Amino acid sequence: MAEIINMPRLSDTMEEGTVAAWLKKVGDKIEEGDILAEIETDKATMEFESFHEGTLLYIGVQEGETTKVDQLLAIIGEEGEDVSALLSGAEDKQEEATEEKEEEASSADEATSESETLPEGVVVVTMPRLSDTMEEGTVATWLKKVGDVVEEGDILAEIETDKATMEFESFQSGTLLYIGLGEGDSAKVDALLAIIGPAGTEVSGIAKSFKASVNDAAKTEESPKTTAVKTETPKQETKTVSAPPVQNTNTATGRIFVSPLAKKMAEEKGIDLVQVKGSGENGRIVKRDIENFTPAAVVAQSSAPVAKFVASGQEDFDEKPNSQMRKAIAKNLAKSKFTAPHYYLNVEFDMDNAMAFRAQYNSIPDTKISFNDMIVKACALALRQHPQVNSQWFDDKMRLNNHVHIGVAVAVEDGLLVPVVKFANEQSLPQIGAAVRDFAGRARKKKLSLDEMEGSTFTISNLGMFGIESFTSIINQPNSAILSVGAIVAKPVVKNGQVVAGNTMKLTLACDHRTVDGATGSQFLQTLKGYIENPVTMLV
């Protein structure tokens, strides 16, 4: 089905954009992550990437032309699809949107003029739309505090979207006078994020007026989505119970203040920031605190999590707000589970040869591969022989991919990320191992780019390292299959009519029955079995 792509808001002050250059033309195939165009904003010229796949059917703004934010930019859909109805509908929506924005602007102006006019040099910074699918954002970390001097280009905060956590830089210079959202708080796009201006300027009235105008605009929509706008009191309540890891903090506010570099160093060294005393301004943890930290004082403490004390017979619970990542995961998995007819194929492979192969391979100096790396490589080679398992479903066609991009599921605090090892069949085992370790490390720090998490043609989920012997997974659409990998188990097996000690591993292939028939999935697993049980064949 065709999708309308609107002019994105690429900065907090952007009201309209100019197409500097189209990098795709009508009729071109579009993959997720492809750069569609270069958009000139009021601040800079930026690349605009696609979050949709299909064929570019229509271009609404030509090179050099300018249009308002949220106006029709392009249409992407199936090749040959009729978009005339969409075009007429888009024109009607644009007229309605223009009228609504004029009404909202006039009401906002009235509200502002009634209370306070913006002093010279004061700028209201709103929640930016950092992707074309973003509807709301969460402040992961503030890198500036009220009173700090802000220069153009400084990173104000890290914003969590439905896709990733991204740095948000300031396009203004001045002093940070007001922060409208605390760390962990969420708000809709265009909600008040901060106010920047000359030092000493009183802006409480401006903030109050802006929030009032936004609330009034939200009420006029008469939509259930207005329930997502939380009052300040519930926000404060949820913050006290939503982050158990930082309950014992180094500040009186109940929150750890840490520089991005110190946070990164602590993660790399496995240091619990709760145990670190900050020497920076307002108790902020800085680089030298991590470098000088000695864990001797906490060695005697148990590393096991401590359960919250609850009196006998008393009901108790904690509430944790859903992150943008968790919401996106829930939406995508529910869509996959209830639209793709899943079925499952279970196999058990002999791992004796694989274990011997890995031990011998790792005896090479400066070489380290895991069983997961071997499985990624084996799947990549098998997929080249069974392109139907490496496929995607569309309403009127099936796409058989001749390239192999394997997504490797990585568990993170807020859910699951799937970085992609691209052209995995063309990479060596050490190359795959290095890529997966790099992706896994950066995934846990939320430092993966959108491009690194898009474009997979097949997915692998491995819970073997957690001792799980067998499980099933939900297909990561638009893929047609996902492989669940269990633990290697030592057990008695029958070989040549004799019961002997052996090592086996159970795998489950979840398939979309629209694209992969049972026989096709079985043939893929037979090919995979050949590579796993005789791994030397992967080197040929």
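How much accessible surface does the protein have, and what share of it belongs to carbon and sulfur atoms? It comes to about 28200 Å², with 51% belonging to carbon and sulfur atoms; areas here come from the Shrake-Rupley method with a 1.4 Å probe, and for residues only the protein chains shown count as cover. Keep in mind that this is a predicted model, where local features need pLDDT of at least 70, side-chain atom pairs count only at pLDDT 80 or more, and totals for chains, interfaces and linings use all residues. Residues are numbered from 1 along each chain as its sequence is written, and side-chain values use heavy atoms, leaving out hydrogens and water.

**Overall build**

- The protein has 10 helices and 26 strands, taken as DSSP runs (H or I, at least four residues, for helices; E, at least two, for strands) and numbered from the N terminus.
- Of its 540 residues, 44% count as buried, meaning under 20% relative accessible area, while exposed is over 50% and partly exposed lies in between (1.4 Å probe, protein chains only).
- Take the contacts (heavy atoms within 4.5 Å) with a separation of 6 or more: 62% of them join residues 24 or more positions apart.

**Cores**

- The largest nonpolar core has 55 residues, and Ile406, Phe458, Leu483, Leu509, Phe524 and Leu528 touch the most other members. Helix 8 (residues 371-385) supplies the largest share of this core, nine residues.
- A nonpolar core here is a set of buried Ala, Val, Leu, Ile, Met, Phe, Trp, Tyr and Cys residues joined through side-chain atoms within 4.5 Å.
- Leaving aside residues up to four places away in sequence, the neighbors that Ile406 touches include Val376, Cys379, Ala380, Leu383 and Phe458.
- There is also a second, separate core of 19 residues, with Trp142, Val150, Ala157 and Ala191 among them.

**Cysteines and Ser473**

- Ser473 sits in the loop between strand 24 (458-462) and strand 25 (481-495), yet counts as buried at 10% relative accessibility.
- Although Ser473 and Cys511 are 38 residues apart in sequence, their C-alpha atoms are 9.9 Å apart in space.
- Not counting residues up to four places away in sequence, Ser473 touches His342, Tyr344, Ser461, Ile482, Ser484 and Ala510.

**Salt bridges**

- A search of the whole structure turns up 23 salt bridges, each a side-chain nitrogen of Lys or Arg within 4 Å of a carboxyl oxygen of Asp or Glu.
- Lys24 and Asp34 pair up through their side chains (3.7 Å, N to O). Lys24 is in the loop between strand 2 (16-22) and strand 3 (29-30), and Asp34 is in the loop between strand 3 and strand 4 (35-40), 10 residues apart.
- Asp28 and Lys25 also meet in a salt bridge (3.4 Å, N to O); Asp28 is buried at 19% relative accessible area, whereas Lys25 is exposed at 55%.
- In the Asp512 and Arg514 salt bridge, the closest N and O atoms are 2.8 Å apart. Asp512 is buried at 2%, and Arg514 is partly exposed at 29%.
- Glu31, Glu53 and Arg399 are linked in a salt-bridge network.
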